Number of protein chains: 4
Amino acid sequence: MERSELEDLVAANRILAGHGVIDAYGHVSLRSPDNPKRFFLARAIAPETVQVEDILEYDLDSNPIEPKGQQSVNERFIHSEIYRARPDVMSVVHNHSPSVVPFSVTGVKMRALFHMASFIGDGLPNFEIRKVKKGSDLLVRDPKLGAALAKTLGKSAAALMRGHGSVTVGENLQRAVGRSVYLEMSAIMQMQALLLSKKITYFDAAEVKASAPVQDYKRAWPLWREKALAKAKADRA
Amino acid sequence: MERSELEDLVAANRILAGHGVIDAYGHVSLRSPDNPKRFFLARAIAPETVQVEDILEYDLDSNPIEPKGQQSVNERFIHSEIYRARPDVMSVVHNHSPSVVPFSVTGVKMRALFHMASFIGDGLPNFEIRKVKKGSDLLVRDPKLGAALAKTLGKSAAALMRGHGSVTVGENLQRAVGRSVYLEMSAIMQMQALLLSKKITYFDAAEVKASAPVQDYKRAWPLWREKALAKAKADRA
Amino acid sequence: MERSELEDLVAANRILAGHGVIDAYGHVSLRSPDNPKRFFLARAIAPETVQVEDILEYDLDSNPIEPKGQQSVNERFIHSEIYRARPDVMSVVHNHSPSVVPFSVTGVKMRALFHMASFIGDGLPNFEIRKVKKGSDLLVRDPKLGAALAKTLGKSAAALMRGHGSVTVGENLQRAVGRSVYLEMSAIMQMQALLLSKKITYFDAAEVKASAPVQDYKRAWPLWREKALAKAKADRA
Amino acid sequence: MERSELEDLVAANRILAGHGVIDAYGHVSLRSPDNPKRFFLARAIAPETVQVEDILEYDLDSNPIEPKGQQSVNERFIHSEIYRARPDVMSVVHNHSPSVVPFSVTGVKMRALFHMASFIGDGLPNFEIRKVKKGSDLLVRDPKLGAALAKTLGKSAAALMRGHGSVTVGENLQRAVGRSVYLEMSAIMQMQALLLSKKITYFDAAEVKASAPVQDYKRAWPLWREKALAKAKADRA
């Protein structure tokens, strides 16, 4: 993988932290452009402190290729199992962004009502970990739980995780990151809309079809990336 | 156009970003003081990074006078068509400020209840793009959509755009910018008031008439402008 | 008045801005310790930029003693008329803090439910400007409106102003400033509590009596003041 | 106590302030690792300014071992009485974090619905000071009130304090601090969930049992501590 792609991933960690989508927790990965059975993910540190040298490469069993004596994140199976199940996915974000969690613990479906988050479509699936494992600490700690989450995700762009957070995927890193940022914003808007009225105009199927595939958050990415890498550089000094 | 007027527009971009009214998206334009058939608008970059040299001049068909090889924003037709339809308007802001969107997807009307946003009057129109184009990505990508939005706006100071955001206009730049800032704040206040009570005291017609025309956000502007241009200068260093 | 007292007032302007209680608007005054018929108030600039030399002295008709060619704030009559009506008051804050406005446009009374804002007691009065002047721009622009507001305030520690904001008073500057900060916070808490339940445990009369008179925000003030004056000094550099 | 443990406590003060869990008020203590009948707590200053030399040692009657002429916080009895009643507790945080207060003034129970705050379990007790002292200013100013609060806390990880805030405890400092941060976040999530639906999926008993004991906020702590101590160092310069 190119240095600039590793820097993209460093930036992604810091962008998500800067937007409050992830705090000291949460993680973002990138499938290797050279080998679809490998992905890159930072070791178990706070995302806003990630540097290039903190990134490890993993196989699809979530084994680090070179462990370098570093601790891996417990929930790396979220990433490996989604990459296994979804060949179209090149990037995965897992986070606890706060406004998505209330939807995950109620029967209320998130639906597309804001054009920056049209990927939500006519609803996102919600992962109920108890269907796979009762009495868990909610964490996706093994391949079985990861595979169950990937199955819940199906072909969607994102899935909620009950009492925990969400996972967002994309055909490229920018898309997965942008979707995480705007999923949180759309959750706030939908909660507010539901308080204002029982009757909301969600996007219709044709609008979802026209919007979602083309949204790459291209205007945002250069700004976000530049700021994030400037901060990464400053942190070294 | 004077250098100081271009700097006003640079400041406006950064002021709106600094207030969270626009993020990496959204845009603000200024009609040329020299030629009413021309307007100035930054190229397609994140507003908080705009500098004087990023500003392009357009005609009322949204063609750049000197393209300089730069990419124009897709939705520049919002600006050109409003300038065409509204000779009184000297500045246009388009944004996705988050608390306005919930009103745009419900039947609930925004109404004036806060003196800093008295321009809302007895309600703002809401642009439903499906009346003009079905199955769109919600973006105002051509003159026809721009003209339809301008028609929805009518004589109002602002219009909501369903599932997308809003457009705010003014007889000068300060007014369009200030209105965008306080439209967001008024949206929050109205949502909260509606949760507290079904019976809200909105401004009466006489109050709207007395308030709206005189509000130029004059005390705020010098502070906002100075901070924004100091940041623009620092960004060059 | 001592230099350190002028600096207290500079700090108060900046503390209120730093807490989001005032933005480019709002103002805070201090009655002269040397002459109860005089008070000090900054000229019409954004509060977060106030320096010692921006402070003017006024008589109780809101005439500046030495105008210095500076513009006075339009609403200085809020201050002069409250000082005239309330000999116990040494400081007045007027602001548009956002979470108080929703209460001002509904019939819902703010009541004490948080010990840092116990001064709210069993309810705050709400100034309806239309009872004095119909078709106004909501601003307290003359002595008559100021006197009407002072009458609405009565013996309370604060009064809401419909569709506009609030006024908060204190027997000293720290108290007026602290009350403004915690009035906003208590408004948020009360709105949330009302959404959770119809039955709220407000402070009883004995608790209000025990709490309100002793709360001087003494632990907060030195921190707030030091930060604010450090910023004021940095702004000069 | 080791220097590094005092620095942990300095960091804890600043971490809580940085997360908006405490403002100029609130406090965090650490039981002495050398003597279970002693604890460490900063003198009565704003938490975000605390340095190592501001920390005093207390006995379980809340008497400072060496007063150093410093003022102790009025509510130190919260700490001493909880340490007396709960031998397992090594750290206590008292705060006014804003989203917890609405629960404290309604009959609505906080319950676990977010895995980062699973310690909430099937509900937190709420301290009603009027059961012990009528007509108070709500502050826990003496050993009797402290003992009553400790009794209300019982074996829980946290207790609400009606109209005032909450207290959070832990078997170590990191845990007490992390619980305070995520208690606030969980309160926001629960309020939002309750607005979305009457039917919420809270954690079941087995999930609480699996989650709560192991959560030490270990990934967050090094990031939080490093930032806080860098700030403490910068404040000296």
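# Exercises on a predicted model: sheet, helices and chain contacts

In chain D, seven strands make up an open sheet with mixed pairing, and their order across it is S3-S2-S1-S4-S7-S6-S5; strands are DSSP runs of E with at least two residues, helices are runs of H or I with at least four, both numbered from the N terminus, and two strands pair if DSSP finds at least two bridges between them. This is a predicted model, in which local features need pLDDT of at least 70, side-chain atom pairs count only at pLDDT 80 or more, and totals for chains, interfaces and linings use all residues. Residues are numbered from 1 along each chain as its sequence is written, chains are lettered from A and ligands numbered from 1 in the order in which they are written, and side-chain values use heavy atoms, with hydrogens and water left out.

**Exercise 1.** Find the edge strands of the sheet in chain D, and describe how S6(D) is joined to S7(D).

*Solution.* The edges are strand S3 (55–59) and strand S5 (126–127) of chain D, each of which pairs on one side only. Strand S6 (residues 158–161) and strand S7 (residues 165–170) of chain D run antiparallel and are joined by four bridges. Leu160(D) stands opposite Ser166(D) in S7(D).

**Exercise 2.** Determine how H1(C) and H5(C) pack, and which kinds of residue make their contact.

*Solution.* Begin with the geometry: helix H1 (residues 3–18) and helix H5 (residues 173–196) of chain C pack at about 0°, their axes lying 11 Å apart, where axes are lines fitted to C-alpha atoms, for helices over the stretch in contact, and angles run from 0 to 180 degrees between N-to-C directions. H1(C) and H5(C) are therefore roughly parallel to each other, a term for angles under 35 degrees. Next take the contact (heavy atoms within 4.5 Å): H1(C) contributes Asp8(C), Leu9(C), Ala12(C), Ile15(C) and Leu16(C), while H5(C) contributes Leu173(C), Val177(C), Ser180(C) and Val181(C).

**Exercise 3.** Describe the contact of chain D with chain A, and say why the copies meet through different surfaces.

*Solution.* Chain D gives 29 residues to the contact and chain A gives 34 residues. About 2,500 Å² is buried between them, 64% of it on carbon and sulfur atoms; buried area is the accessible area (1.4 Å probe) that two parts lose on being put together, summed over both. On the side of chain D, His115(D), Leu196(D) and Arg219(D) lose the most area to chain A, together 30% of what that side buries. Only 3% of the interface residues of chain D are also interface residues in chain A, so the copies meet through different surfaces.

How values were computed
Parallel < 35°, antiparallel > 145°, perpendicular 65-115°, else oblique. Nonpolar A, V, L, I, M, F, W, Y, C, P; charged D, E, K, R; others polar.
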